[in-house]
Amino acid sequence: MKEVGEAIRDANFLTANSVVALGIATFGVVAYREDLREAIGNDKVYRTPKETNSNGNETCLDPNHTHFLLVDDGTPQQFGKEILFRAGIEKAVSNLRTSGKEAMVPVVLLVVEGGPNTIKTVKEAVDNDIPTVLIKGSGKAADVLVLACECAGKEKAEK
């Protein structure tokens with residue numbers, strides 16, 4: 001998410017056309033979420049804290065994203081609650097048409113590193129015919145998925 005947010009920030013800095021980076025996250029894992037809730041309740045601007053949270057079950061919103069959808073089912077500190085919601089949004093957006101009937105809104109899943117929930121996210125994207133790009137060498141889930149793709153075409157998997 002960080003890499004995509006930084007790319008969007010740079011693109012918006014270099015061009016007059018604004019590129020939208022929509023972050024979709026589970027509200028229960030957003031660090032400082034009570035500050036966010038208070039800002040929203042008082043119709044104030046919320047600024048993402050620059051310091052990271054030391055709690056491994058929470059994360060800060062990336063300040064380079066332009067918009068956020070926060071999925072809240074009331075569960076605190078549990079990642080992955082947004083995966084099915086995100087998949088539905090991505091599928092709906094990929095089916096949108098722009099000015100002409102032939103032009104579609106491009107949607108692609110970019111996988112850099114990631115954990116167990118990344119694998120679930122990739123599964124949902126593939127099930128919904130969303131193109132997926134795996135960044136080999138970025139580590140973690142991305143490398144596991146690349147290895148699986150490479151081995152899938154081989155007669156017998158190597159160690």
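The model is predicted, so local features need pLDDT of at least 70 and side-chain atom pairs count only at pLDDT 80 or more, while totals for chains, interfaces and linings use all residues. Residues are numbered from 1 along each chain as its sequence is written, and side-chain values use heavy atoms, with hydrogens and water left out.

Taken along the principal axes, the C-alpha atoms of the protein chain fill a box of roughly 60 × 45 × 30 Å.

As for secondary structure, the protein chain has 5 helices and 4 strands, and along the sequence they follow the pattern α-β-α-β-α-β-α-β-α. Here helices (H or I, at least four residues) and strands (E, at least two) are DSSP runs, numbered from the N terminus.

Of the 159 residues in the protein chain, 29% are buried, meaning under 20% relative accessible area (1.4 Å probe, protein chains only), with exposed set at over 50% and partly exposed in between. Strand 1 (residues 22-26) has 4 of its 5 residues buried, so it is largely enclosed by the rest of the structure. Strand 1 runs parallel to strand 2 (residues 67-71), and 5 bridges join them; strands pair if DSSP finds at least two bridges between them. In this pairing, Gly23 has Phe68 of strand 2 as its bridge partner.
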